[in-house]
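Here is a short report on the fold of one protein chain. Please look through the sequence and the model before reading on.

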Amino acid sequence: MNKREFIKKSSVGALGIMLAPSILKGSMNIDRLRTAHIGVGNMGGEDLKAISSHASVDVVALCDVDAVNLAAAHKLHPKARIFFDYRAMLEEMGDEIDAVIVSTPDHTHAPASMMAMEMNKPVYCQKPLTHYVSESRAMKKMAAEKGLVTQMGIQVHSFYDYKLATLLIQSGIIGKVHTVHAWSPKNWGYDGPLPQGEDPVPTQLDWNLWLGTSKERPYKDGMYHPGNWRKLMDYGCGTLGDMGVHIFDTPYNALQLDVPRTIMTECRPTNGFGYPEHNTVTYEFPQTPYTTETLKWVWYDGPGAPALSEDLLLPGMTMGKDGKVSKEESMKDKMSLDAKVAAENELPDQGAMFVGEKGRLLLPHFMQLPKKIRKGKYVDISKEIAKVSKENNLGEPIRNYETEGPKHYHQFVDACLGKGETSAPFNYAARLTETILLGTIAGRFPGETLHWDAETAKFKEEKANQYLAGDYRNF
């Protein structure tokens, strides 16, 4: 399938005219939800665990290109049918599947999700929503035209502290916001040499199916599967696409942003293979009711991020050093969602800082209360927190990821069953993902400001437009 065929398939077509009213309204008039899972290793395994923990879910199909992952998942759900190829699963079991969960590497998110949605299946897709901007727009369009229940996998979106920060910002606690800083020291980049030669494909792995619609290339042990694909341009979206989606989410949502007007990335020159290990991405957004005339947004990633600046100074901190803390992380650390609590005079490892007309609001990532800073001092906002919490029925914060994490997944299941709505549908997720992906494209032109036209979905700089879509390989 080439990119023209992919975009063409984003329209509903003749099948859409024949949709049942229950599908068009998003619910299916059923008491239980039969789920099919595409990708069941690593984060896919966590998605499977969370979705299946809902009392009204029956897992009926499991798909993975790695037999080891598939066997482990099947042991937990022995009644489910197993597949290596998601296309075969959807074609053979279409009538037996109510909803599809997509937890593959990024480059397969859109191909798998679009096929499921073409078959009128609600989709829960891991973040970032897609690998290309064109795919995000196509998925948003199809979900809207078919009226399908959708949710992107940004599970902390449903956590207390993020809902609270959104309400505080919208209440005007720091006035209109003119700057946002967001950061993660995680390193999903690759500055090393390009791989040479090839290695035997592990017996449990179907390498052709792993590559999917991406171009054919030889297998190299430890370079792609199971985890390092995030670092590579053909398969992942770097640290920006991994942690940036989580950390962008609350400021983006709170400020009611759309896509940016300009993007500029500072990083090493592109090598066309791996994302840079250190990136600073600066966006400019148009005004919203919660921002000044323009909003500046700066993202920092890689070991030592962020570099200290006046906007990031906390009470008790002093300028003088570059503010970077070099720290190597294991794969377990990179994948971890554990909250790390910093001292009051230390920036959290990951987080965001809103800078407004009446102070700053620090939002650690994650499961920690936001903190207001004004004139170099922390400000007690307990009364403001109590007020917005009561007015919006937030309840008390629960600091337990095991119990809080599944809520975002259960929200999707409930919506499929006609009980409520999702909070990160593709209508929202596509815009957030587009913003992220524009930053990764800008990394191909270090130090150059790119100008984005949201109406035409093109850059003013024609040379950048080739990276908005990919040519799909037939596999």
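Which residue in strand 4 is the bridge partner of H37? The partner is I101. This is a predicted model, in which local features need pLDDT of at least 70, side-chain atom pairs count only at pLDDT 80 or more, and totals for chains, interfaces and linings use all residues. Residues are numbered from 1 along each chain as its sequence is written, and side-chain values use heavy atoms, with hydrogens and water left out.

**Overall**

The protein has 16 helices and 16 strands. Helices (H or I, at least four residues) and strands (E, at least two) are DSSP runs, numbered from the N terminus. Of the 475 residues, 57% count as buried, meaning under 20% relative accessible area. The accessible surface comes to about 20,200 Å², by the Shrake-Rupley method with a 1.4 Å probe. Carbon and sulfur atoms hold 51% of that surface. Contact means heavy atoms within 4.5 Å. Among contacts between residues at least 6 apart in sequence, 72% join residues at least 24 apart.

An open sheet of six strands runs in the order 3-2-1-4-5-6, with parallel pairing. Two strands pair if DSSP finds at least two bridges between them. Strand 3 (81-83) and strand 6 (150-153) stand at the edges, each with a single partner strand, so one side of each has no neighbour in the sheet. The twist averages 20° from one strand to the next. Angles run from 0 to 180 degrees between N-to-C directions, and axes are lines fitted to C-alpha atoms, for helices over the stretch in contact. Strand 1 (residues 33-38) pairs with strand 4 (residues 99-102) in the parallel sense over four bridges. Helix 16 (residues 426-442) packs on this sheet and touches strand 5 (123-126) and strand 6. The direction of helix 16 makes about 40° with that of strand 6.

An open sheet of 10 strands has the order 14-13-12-11-7-10-9-8-15-16, with mixed pairing. Its edges are strand 14 (377-379) and strand 16 (458-459), each with a single partner strand, so one side of each is left without a neighbour in the sheet. Strand 7 (residues 177-184) and strand 11 (residues 351-356) run antiparallel and are joined by six bridges. V180 has F354 as its bridge partner in strand 11. Helix 9 packs on the sheet, touching strand 7, strand 11 and strand 12 (359-364). The direction of helix 9 makes about 165° with that of strand 12.

**Helices 9 and 13**

The axes of helix 9 (residues 160-170) and helix 13 (residues 382-391) come within 10 Å and cross at roughly 100°. That makes the two helices roughly perpendicular, a class covering 65 to 115 degrees. Helix 9 contributes Y160, L164, L167 and L168 to the contact, and helix 13 contributes E384, I385, V388 and S389.

**Backbone details**

| Site | Angle |
|---|---|
| A305 to P306, cis | omega about 0° |
| H365 to F366, cis | omega near 10° |
| N393, not glycine | phi near 55° |
| A457, not glycine | phi about 55° |

P306 is found in the loop between strand 10 (291-301) and helix 12 (331-335). F366 is in the loop between strand 12 and strand 13 (371-374). N393 lies between helix 13 and helix 14 (401-404), in a loop. N393 is exposed, with a relative accessible area of 70%; exposed means over 50%.

Definitions and conventions. Parallel < 35°, antiparallel > 145°, perpendicular 65-115°, else oblique. Buried < 20%, exposed > 50% of the residue type's maximum accessible area, 1.4 Å probe, protein only.
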